[in-house]
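Please go through the helix packing and the surface of the model below, in questions and answers.

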Amino acid sequence: MSDSTPIVITSLLIPFLGTALGSAFVFVMRKEISQNVQKGLMGFASGIMIAASVWSLLIPSMEMCADRGKMAVMPATIGLLAGFAVLLLIDYITPHLHPDGVEEGPKSHLSKTAMLTLAVTMHNFPEGMAVGAAVGGFISGSANISMAAAVTLALGIAIQNVPEGAIISMPMRAAGNSRRKSFAIGSLSGIVEPIGAALVILLTSITVPILPYVLAFAAGAMLYVVFDELIPEAAEGGHSNIGILGFAIGFALMMILDVVMG
């Protein structure tokens, strides 16, 4: 563990840095990110995160339970469905605003910017869990997860976080807040990711037998975010193949890195 500590810490911070980078756009841009660029980024991140959910989380979860024979799929199935269920519950009980302007959850007196910030923050937590689960699997040595796979997963999430950071900071600037305040609030929405990752690493280091469930739970939670947020945003607006192209490149890249470097 000691030799890999710098890489582990870097993996935990990469997604947060993506959010901070996106929030920093408030210093250099007056208009929102180009819709075509945003579609490409969302599609690319979707491809990486779906591939990572399969090769970095679900397959290792089942491999860890290979001694159970055909029942090896059960921990992965339970964890996957639990991840979907928890995110669905959070979406149902928490007032929040999607980037496309659709309000979900119970009625709230929060401002649109506050609800959008809340939506991004609560969806960042499971992404942090996914990185933590991958890093925890690498550290434990009981899951077939390489450090390269964990770092690649963190990079994919960071790419997704770039437009999310801008989506929060730039409307805050337009509402009259200073650039520094808009940047700070946008960046802080991503601080839950290293926190979520650290909690999962701590949990799996204490109770290794639950790691198959944690890996699959993180996959379910992350897939929920992909299908609830990223894919709809990649397909938003007029017909375009940019999001599909981004998805194909991201999926292929993650698959190659995970298989070849894993």
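Q: At what angle do α2 and helix α9 pack?
A: This is a predicted model, where local features need pLDDT of at least 70, side-chain atom pairs count only at pLDDT 80 or more, and totals for chains, interfaces and linings use all residues. Residues are numbered from 1 along each chain as its sequence is written, and side-chain values use heavy atoms, without hydrogens and water. Helix α9 covers residues 242–260, and its axis (a line fitted to C-alpha atoms over the stretch in contact, with angles from 0 to 180 degrees between N-to-C directions) lies 6 Å from that of α2. The packing angle is about 35°.

Q: How many charged residues are in the contact of α2 with α9?
A: Asp, Glu, Lys and Arg count as charged, Ala, Val, Leu, Ile, Met, Phe, Trp, Tyr, Cys and Pro as nonpolar, and the others, Gly among them, as polar. The contact has 14 nonpolar and nine polar residues, and the charged ones number two.

Q: Which residues of α3 meet α2?
A: The axes of α2 and α3 are 7 Å apart, at an angle of about 140°. Contact means heavy atoms within 4.5 Å. From α2, L58, S61 and M62 take part, and they meet V73, A76 and L80 in α3.

Conventions
Helices (H or I, at least four residues) and strands (E, at least two) are DSSP runs, numbered from the N terminus.
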